[in-house]
Each structure stands twice: as C-alpha cells, then as structure tokens.
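I am opening my notebook on a structure I have not looked at before, and I will keep each entry to what I looked up.

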Amino acid sequence: MSQFLVKTQTPNGYALNVQTGLFINNEFVAGSKTLETVNPSTGKVICKIQAAEQKDVDRAVDAAEKAFHGKWGKFAPLERAGLMFKLAELIERDEEELAQIETLDNGKGITFSRLFDVKQLILSLRYYAGYTDKVHGKVIDTEGCLSYTIHEPLGVCGAIIPWNFPLMLLGWKLGPALATGNTLVVKTSELTPLSAYKVAQLIVEAGFPPGVVNIITGLGIEAGDALARHMKVAKIAFTGSTPVGRHIMKAAAESNLKKVTLELGGKSPNIIFEDADIDQAVKWAHKGIFFNHGQTCCAGSRIYIQESVYDEFLKKFKEYTTQTKLGNPHDADTFQGPQISKQHFDRIMGYIESGKKEGATCYMGGKRWGDDGYFIEPTVFTDVNRDMKIVREEIFGPVVVVSKFKNEDDVLKMSLDTEYGLAAAVFTQNVGRAIDISNKLQSGTVWVNCFNELDYNTPFGGYRQSGIGRENGEYALDNYIQVKTVKINVSRKP
C-alpha cells in the first residue's frame with residue numbers, strides 16, 4: 001500500500017499520509033491517468049491521484065463480481081454485521097485523521113468534519129449492521145400452495161458520490177448495500193477522493209474479503225459514465241446534480257436497465273410565519289442556507305417571510321450572519337470555508353452577477369472574500385421575482401433569496417413554483433398550521449422549526465426532479481434487494 005502513499009499536512013500543521021491509488025480488490029493500484037486534487041482554501045495542489053477510465057472500472061467491477069459469487073456470498077448475515085461493526089470501530093479510532101483529511105480536501109470547517117461528517121459515517125455503518133439479519137421475506141396465504149418470498153441481493157452495485165459530503169454519503173451507500181449482501185464499486189468525486197481512500201485502508205484492516213468494496217475516482221464523463229453503463233453492474237446509486245442524474249438514468253436504460261436511485265438537486269423553500277420564534281428562526285435559516293458553505297442539495301435557498309415580521313427577521317438575519325466566522329476551515333470556530341473549486345466559485349459568482357443585472361437588491365455580501373482560495377461572502381438578495389435565475393435555479397453556494405408573503409395560500413403558491421422537491425421548512429408555533437402546510441408542500445423532507453437536520457435512520461430523497469428513491473432508514477434497504485416469489489404446490493390440480 002506504500003507505493004501511492006503521499007505525505008502532506010494541513011495549513012495548521014497536522015501531518016497526514018494520504019493514499020492516492022485506486023482501491024481495487026483490497027489493493028491500491030495505478031489508474032490509466034493522473035489528476036490533481038486541490039486544497040480549496042489555498043488553491044494549491046495537495047497531491048496527484050490515480051484516476052480511472054473504462055478499463056479500470058472493468059477491473060473494479062470484475063473484482064466485485066468475483067467477491068459476490070465467492071467468499072462474500074457465503075457469509076452469514078451476522079458475519080457481515082461483524083465486519084461492518086469493526087469498520088465503524090476503526091473509523092471511530094481514526095476519526096480525527098479522517099476529519100483533517102476531509103477538511104483539507106473539501107474545505108468544510110473542521111468542527112463539522114469532526115462532529116457531523118465522520119459521525120454520520122459511523123452511525124450509518126452501525127445502524128445498517130443491525131439490519132443484516134432482518135432483511136427477509138414473508139409467507140403469503142394462497143389456497144392450495146405454500147407461497148413465500150425471498151429477499152436477495154442484487155449483486156454488484158455502483159455508487160457515485162459527490163464532493164460536498166464525501167464521508168457521510170459514502171456511509172449512505174455502503175451501509176444498506178453491505179447489509180443486504182451486495183458488493184460495491186464506489187466512484188468518488190475527482191475533487192475529493194482522499195477521505196474515502198483512508199476508509200479503504202480501514203476496510204482492509206477490518207477484514208473485508210478482497211473485492212467486496214472497491215473505491216475509485218475519475219472524471220464523471222469517463223469513470224462515472226463507464227460505471228453507469230456497465231453490463232455487470234446491477235444497480236447504480238447517484239447523488240449529484242439533476243442534469244447529471246438524467247445522464248445516469250439514460251446510461252442505465254441504454255445498457256442493462258439497471259436499478260437506479262437518484263438523490264439530486266433542490267431549491268428548498270423556508271417559510272417563516274409571523275408567530276414563529278424569530279430569534280430561533282434566524283439561527284436555523286442561517287444554518288439552512290450557509291451550512292457547508294451553501295453546498296447542500298437541500299439548502300434553504302428561498303426564504304419566505306410573512307410581511308409583518310419581514311423587516312425584523314431580515315435585520316436579525318444580517319446581524320447573525322455577520323457574526324459567524326468565514327475563513328480558514330482548520331480553525332475550530334470557522335463556520336464557513338471556501339467553495340470547492342475555482343470552476344464552482346466562478347459559477348456562483350456568475351449567479352450573483354445575474355441577480356444584480358436582473359434587478360434584485362444585493363442586501364449583503366456578493367463579493368469574493370480574501371485573496372487566496374475560493375471564498376465567497378454570505379450573500380442575501382431581496383426584491384426578487386419568480387423569473388430571476390437566482391430564484392429558479394440551484395446555485396449550490398452561499399446565496400439566498402428573500403421574499404415577503406401575505407398568507408398561507410400566497411406562500412404555498414410561491415413555494416410550489418419550482419421543478420424541485422427535495423426539502424422545505426416551516427417556522428410557526430401553530431401545530432395545526434405546521435401539519436397542514438407540511439402536508440401540502442411537495443417535498444421529500446419537511447422540517448418544522450429547524451433546518452438541515454439529517455439523520456441516518458430517517459429516509460431522505462426528493463419529489464419531482466429532485467430524485468428517485470430514498471436513502472437512509474429502513475426504506476433504503478429496498479433499493480438493494482430483489483424479491484423472489486416461491487410457490488410450492490400442496491393441493492392444486494392441473
């Protein structure tokens with residue numbers, strides 16, 4: 001494993017040894033090309049990484065197929081659980097190193113890497129380890145026949161994870177797939193591969209047989225497309241943008257009609273009624289949009305405030321946002337770090353300029369922060385209308401649009417005026433109103449008096465163009481099984 005081991009350190013001096021090879025069949029190997037991974041806080045290269053193309057994807061899939069039909073396929077459910085619990089234990093042992101790698105490669109605040117991303121990976125593995133012996137069929141009462149169902153694994157599953165939550169979303173894919181007896185080929189984002197490769201080292205240490213989990217990186221148009229189209233891959237799970245999700249679905253259909261789950265983009269409304277606890281609503285709304293630097297698919301990027309409390313909310317929101325720290329993500333008190341890349345930085349700044357040109361008021365922010373890296377000031381737009389790009393399109397950055405509303409009918413009309421349906425939030429102290437509005441919103445998740453509360457044991461996914469299927473909780477298990485019906489004749493005559 002030492003051939004592709006690279007020594008580096010964080011800007012705060014934390015020494016790291018990071019793996020840079022493709023993880024195939026429990027070994028780190030060379031890829032068909034190399035890419036550079038960059039520290040978004042500085043814009044400087046961390047190291048070169050091995051990147052996969054078609055032939056490398058083939059090798060990973062072949063290893064996963066061999067493991068599925070070999071030793072892994074013979075494991076009892078509790079044996080699988082034991083390995084998953086062991087992996088969670090090792091991740092917990094090395095959680096500080098993983099958090100440091102995540103922040104170096106991704107740019108998110110170290111406190112969030114420690115207390116959220118790494119923790120969510122551990123919790124997902126332990127949660128699904130408990131399900132390994134609980135995935136089973138049932139007997140169905142049919143006259144003259146003994147009828148029952150069997151829940152079987154699909155085989156080789158592909159998983160394509162994005163750059164915004166590399167560790168957490170790795171857990172969302174590994175947990176249910178391994179619990180149900182599948183093998184995996186995971187493609188990380190080429191922008192953030194390093195933390196997943198650390199987990200790969202721990203997979204070997206935990207004792208997983210070769211080929212059960214393979215982790216590669218590479219460009220989406222090369223490695224991602226090859227995985228989505230692979231004839232030996234039975235299922236593809238993708239988290240990312242809606243346009244790329246369409247491509248994944250098309251690739252799956254044009255190949256072997258593999259099973260597909262998609263967790264895609266959003267333009268989530270955050271509704272603040274006049275009876276809400278305004279001070280709490282301000283804090284949650286801030287988390288709703290600026291958590292992870294706005295690089296969150298369910299970000300509350302459209303805030304709707306009832307007219308009578310609009311001015312109060314806006315003033316307090318600006319004051320609170322100004323107080324939170326933007327800067328070096330390796331400092332424990334930093335809330336907002338950099339955007340992921342120069343390309344994404346430019347994209348967000350393009351949306352900000354579009355908002356200004358279309359007549360919106362830039363109430364705060366709207367500019368680059370600092371001279372190094374890819375930092376953008378928290379940005380708030382007011383005086384917006386439904387036809388503006390910043391209102392209709394997913395920006396995926398620290399940019400929020402704020403609007404007034406008169407009553408429930410008014411805000412429901414505005415909230416539902418979108419092609420997305422991933423999440424929404426309602427702030428009110430009226431329980432009846434909260435339930436009624438939650439029922440009417442077309443969103444996979446509705447938060448009441450909170451925002452961005454993501455848990456491993458509750459389902460997450462979208463309506464409309466925000467995706468297909470659900471991740472997390474018991475619901476996710478269905479994505480990784482196929483149901484077989486067995487009918488044994490007892491008394492029927494031909």
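Is helix 7 mostly covered or mostly open, and how many of its 13 residues are buried? Keeping in mind that this is a predicted model, I found helix 7 mostly covered, with 10 of its 13 residues buried. The buried ones include L194, Y197, L202 and A206.

I then looked up the span of helix 7, which runs over residues 194-206, and noted that it reaches 19 Å from its first C-alpha to its last, close to the 18 Å expected at 1.5 Å a residue. Just after helix 7 I came to G207, whose phi is positive at about 105 degrees.

My next entry concerns backbone angles, since most residues other than glycine have a negative phi. I noted L257, which is not a glycine and yet has a positive phi of about 55 degrees; L257 sits in the loop between helix 9 (242-254) and strand 13 (259-263). I also noted H293, again a residue other than glycine, with a positive phi near 65 degrees, and I located H293 in the loop between helix 10 (278-290) and strand 15 (302-306).

Is L257 buried or exposed? I recorded L257 as exposed, because its relative accessible area is 69%, and exposed means over 50%. For H293 I recorded the label buried, because its relative accessible area is 1%, and buried means under 20%.

Last, I turned to the surface, where V139, L146, I488 and V490 form a nonpolar patch with about 360 Å² of accessible area together. I placed V139 in strand 7 (residues 139-142), and I wrote V139 down as exposed, with a relative accessible area of 60%.

Methods
Residues are numbered from 1 along each chain as its sequence is written. This is a predicted model: local features need pLDDT of at least 70, side-chain atom pairs count only at pLDDT 80 or more; totals for chains, interfaces and linings use all residues. Side-chain values use heavy atoms; hydrogens and water are left out. Patches are made of residues with over 30% relative accessible area and no salt bridge: like charges are joined within 9 Å, nonpolar side chains (Val, Leu, Ile, Met, Phe, Trp, Tyr) within 5 Å. Accessible areas come from the Shrake-Rupley method with a 1.4 Å probe; for residues, only the protein chains shown count as cover. A salt bridge is a side-chain nitrogen of Lys or Arg within 4 Å of a carboxyl oxygen of Asp or Glu. Helices (H or I, at least four residues) and strands (E, at least two) are DSSP runs, numbered from the N terminus. Buried means under 20% relative accessible area, exposed over 50%, partly exposed in between (1.4 Å probe, protein chains only). The expected span of a helix is 1.5 Å times one less than its number of residues.
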